[in-house]
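Please open the model in your viewer and keep the selection panel at hand. The stops below go from one selection to the next, with a short account of what is found at each.

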Amino acid sequence: MRIISILFVLAITSFTASAAIKLTPTEYPDLKYKGEILSGPYKDGVTEPKKILGFAPGQRVASPEQIANALSIWQKESDRLKVVEYGRTHEGRPLFYVVITTPAHLANLENIQKDVQQLANPVNLSDADAKNIIGRLPAIAWMAYSIHGNESSGADAALTAIYHLIASESDDVKQLLGQQVIIIDPMMNPDGRARFSKELEEHRGVAPNVDDQSLLHTGSWPYGRTNHYYFDLNRDFIYLTQPETRGRVAIINQWYPQLMIDGHEMGAQDTYLFAPAREPVNPHLPKTRKKWGWKFAQDQASAFDNNAWRYYTGEWFENLYPGYSNYAEYRGAVHILYEQARIAEDGVKRPDGNVVTYQQSVHHQFVSTIENLRTLAKHSKEMYQDFLAERRESLSSSGPYADRSFAILPTDNKTRLHQLVDTLKFQNIEVFQLTKQMRVSADTQLGGKGVSTILPKGTLIVPNRQQEARLIATMLEFDVDIKPEVLKEERHRTLRDGSSLMYDTTAWNLTMMYGLEAVIVKKHINSNLESYAAASPEWELNPEAQAKDTIAIAVNGEDDASVSFAARLMELGLQVRVVDKATELSQQALPRGTVVVTKTDNPNWTTALEQIKVQAHQLNLTPLSISSGFGDGDLPDWGGAHFRLLTKPRVGLVSRGGFAFYDVGATWYSLDHHLAIRHSKLNSLTFSYSDLRRYNVIILPTQFMNSLSEGAYQTLKTWVSNGGTLIAFDRSARSLIGSDISSVTLLENSFENAEQFDIAIQREWMANNIELEMEAILSHQVPLEVDYPWHQKVQRLNQQQLVKRDNWQRNFMPSGAFVAGRTDQRHWLTFGVSEDLPLLFSNNPLFMSAEESEAVVRVGKLQKEEKGALSKLAESVMDEPKALGWSTLPAETTAHVRMSGLLWPEAAQRMLNAAHTTREALGKGQIILFATSPNFRGSTLGTNRMLLNAIVYGPGLGTAPLVEL
């Protein structure tokens, strides 16, 4: 305590001393920006930014509060401005957009919006009416800035542009406003910006700083880039997980802007990038986007040339992934990305000796904004004509989207299904369900073409032929087409120096992200349909009336919300069980994973029923009333081993240091969003001093660099041995393996014992594909031949050959592709998880699991093929087992790995049969490893379900039970 007190006194003394500093810094002439951002004349009645902020635009970073205050003041002073709050962040900060135009247009916004919506959905729109609408419509621009909170120049430029547009008396501005409705979202990530601006205050010294390696410029963990839950908001426009995204998408979708800009920043030593993008470009973008992109780029380039500012287009900027703010392009906008060299404050010195000031970076963004608006004013009418033609093409019975429908098969996982429907409907996409069974020819997620498929009643149907056809296609189709010349260049780069054209993941379709089974039907399904409506719980619990006859309440374990149901009831003090084998009680089907609360475990039954009712209602679950614990025939009864008692999880999530903030945030979000139970975020920097006895679950998200000491790993090992459940992802799992805490082996270190791991694969295959030879079984003679999980005829590669091959194959690992996972359907970790699970893989570790660990999920779908189903050549190849790298493919079997995205054959062969998820015992506890981040971008709901199972069920199912006396 004395040391802490001394440190506190020293801190106070230091603060007092700094506040009393009398010296002023020496002059730094290079920081005096000679450019002029604002040039009048301006209205006297509109307060200048300098008077509101206390400094000139771009001189410093404006805080979220200062920006909100400026908007509030200007709204009272200008008749050109309307300020709208469209949402609130997780931390309660307001999200604003402003509409800037003439007073006449402001008074007519509702009609302007109706007109553009008619063009967007021209089902019954005549050519004459369309011409009239285009004739009277002003241009519509959506200008958005600083979605990454520490990329600050955009928001400061937006504030400057708002003042310029509402206060300028120039004819140029007045003409722009007469031709346009300009919508500006000045600050897309207030929580991140608040974190960043606070850090600037903390790191700012007396003298200016031009060193981009200093904390003033770099910031510290978790940085200001992300929102409250450390999500990259510029990857969320199709997943819609965050309130900032949902708020702005709802408004953008009402306006159908012709122009959408997104103001960003990049490396401090760079210059300035703007659109258009290079290849790969998503094939569902309207073809006219390239034409208009170049027109805007040429004008923007001319404006930069006039100021002698350096810039470039394309280079690292591609346009394949649709989850950026450029999702609006699929709805008809021309999207322009700004990337300004990041100057956090003051300025940054370059190798050429020049200093680029923060004010200059704001000026770049401001000039880009005004120049793009001028270009839009010139071409708006022609752009509307192209927009109308594209929308009519999407609705045409002879258009590219005319004869295709996406079908999502029914599931008892209503929570997950409803999330999919909500995400689609939020984008104005129509979703239907079949009113009766239908047989179709369909393409499957595993690459099957024209497979005869029965779509049951209740199947979700999303016809591609509707107004948002392009967005539907890119969100739901299983694969995006990448041009052969792009693939050739990508392979060239991979082989030449290991670089890549791909800036983000190459796979993202929603059904695979959500772990839902779907097919694509090459026809426009428009019969036997009804609009989708989420079902309400079928039974209303009445605790007083049913307390006597009801001996247990169950909720279906297929539903993801059942895990939350169990966790929340345990937090309330109830005893909860889970069924690990399907049964039927009181004529109620209880699949494995079903959560059961019994009267025997909870003697205060009426109170328990009240709590069950509240939680079931909140989670939209249907409680099932059980009056008898007897299972018919061989089905489990309620007093047997299959009704397993759970233990309340006490969760610690390790954070900070070298842990990846994206992964920490996604895990934190999953705990809050899916469970909303109490948990603790632990600081990795002080982890060695933590009392781990408080927790029975500890989660290690992936790491950029190893943050824990060897001593900390040994402490964790002891904690696990005493009954803890340790869960680790990706590089943290790799660290546990490297510290000899886990018995799992990494693929690249396994080849000395390759046959042992292959035998584990064959044993699993044999267990799941039993063919009894009754004559041999009942024979009294010893058989001369018996099947073993190894094959004498297989030409196996030796250790040296395997190492050589693996070193080559590692070069081809994906930058984001879905691979097929096969799950152990008898393992508790796969409750609520389908047999075939899409796994989103990048260059993640591949696990090798044998006898000491359980491979809960492996890569690859192994499928027994019947004779005659394949070509004669394929049959001849498959007659005998075949070695594919370290593992053996059984006879008459095919292996499917790639589901979606770019996965080179070398990588597919390398990944086949490796484990993705493992579970192993260590003393009285257990270790669960995930090769990937299970809740990637808050949207990989299949693997996230396994994470929830691990957290909530792990302490009860995977560890030695504790009897408290």
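Helices (H or I, at least four residues) and strands (E, at least two) are DSSP runs, and they are numbered from the N terminus. This is a predicted model, in which local features need pLDDT of at least 70 and side-chain atom pairs count only at pLDDT 80 or more, while totals for chains, interfaces and linings use all residues. Residues are numbered from 1 along each chain as its sequence is written, and side-chain values use heavy atoms, with hydrogens and water left out.

**The open sheet**

Begin with valine 84, which lies in strand β1. Tyrosine 97 is 13 residues away from valine 84 in sequence, and the two C-alpha atoms are 5.4 Å apart in space. With neighbours within four places in sequence left aside, valine 84 is in contact (heavy atoms within 4.5 Å) with Leu95, Phe96 and Tyr97.

Now extend the selection to the sheet, in which eight strands follow the order β1-β2-β4-β3-β5-β10-β6-β8, with mixed pairing; two strands are taken to pair if DSSP finds at least two bridges between them. The edges are held by β1 (81-88) and β8 (312-313), and because each has a single partner strand, one side of each is left without a neighbour in the sheet. Select next β5 (residues 259-266) and β10 (residues 334-341), which pair in the parallel sense over eight bridges; aspartate 262 has leucine 337 in β10 as its bridge partner.

**Helices on the sheet**

Helix α3 (residues 64-77) packs on the sheet, where it touches β1 and β2 (94-100), and its direction makes about 140° with that of β1. Axes here are lines fitted to C-alpha atoms, for helices over the stretch in contact, and angles run from 0 to 180 degrees between N-to-C directions. To see the contact itself, show the side chains of Ile67, Ala70, Leu71 and Trp74 in α3, which meet Ala155, Leu159, Ile162, Tyr163 and Ile166 in α7.

**Loops and backbone details**

Go to the loop between β3 (139-145) and α7, where serine 146 is placed. Serine 146 has a positive phi of about 55° although it is not a glycine, and at 1% relative accessibility serine 146 counts as buried; buried means under 20% relative accessible area, exposed over 50%, and partly exposed in between (1.4 Å probe, protein chains only). Tyrosine 256, in the loop between α11 (243-255) and β5, also has a positive phi, near 45°, in a residue other than glycine, and tyrosine 256 is buried with a relative accessible area of 7%.

Two cis peptide bonds can be picked out next. The bond from glycine 40 to proline 41 is cis, with omega near 5°, and proline 41 is in the loop between α1 (2-19) and α2 (49-53). The bond from alanine 275 to proline 276 is cis as well, with omega near 10°, and proline 276 is in the loop between β6 (272-274) and β7 (278-281).

**A buried histidine**

Select histidine 217 in helix α10 (residues 215-218). Histidine 217 is buried, with a relative accessible area of 2%, and its contacts beyond four places in sequence include Asp211, Asp212, Arg342 and Glu345.

**Strand β20 and the cores**

In strand β20 (residues 552-555), Ala552 and Ala554 point one way and Ile553 and Val555 the other way, and all are buried. In a regular strand the side chains alternate between the two faces of the sheet. Three bridges join β20 to β25 (residues 624-626) in an antiparallel arrangement, with alanine 552 opposite isoleucine 626. The pairing of β20 with β24 (residues 595-598) is antiparallel too, over four bridges, and isoleucine 553 stands opposite valine 597.

Which residues touch the most other members of the largest nonpolar core? Of its 197 residues, they are Leu119, Phe565, Ile698, Leu700, Leu716, Ile727 and Tyr953; a nonpolar core is a set of buried Ala, Val, Leu, Ile, Met, Phe, Trp, Tyr and Cys residues joined through side-chain atoms within 4.5 Å. Helix α29 (residues 941-957) gives the largest share of this core, nine residues. A second, separate core has 76 residues, among them Val98, Leu259, Phe274 and Ala297.
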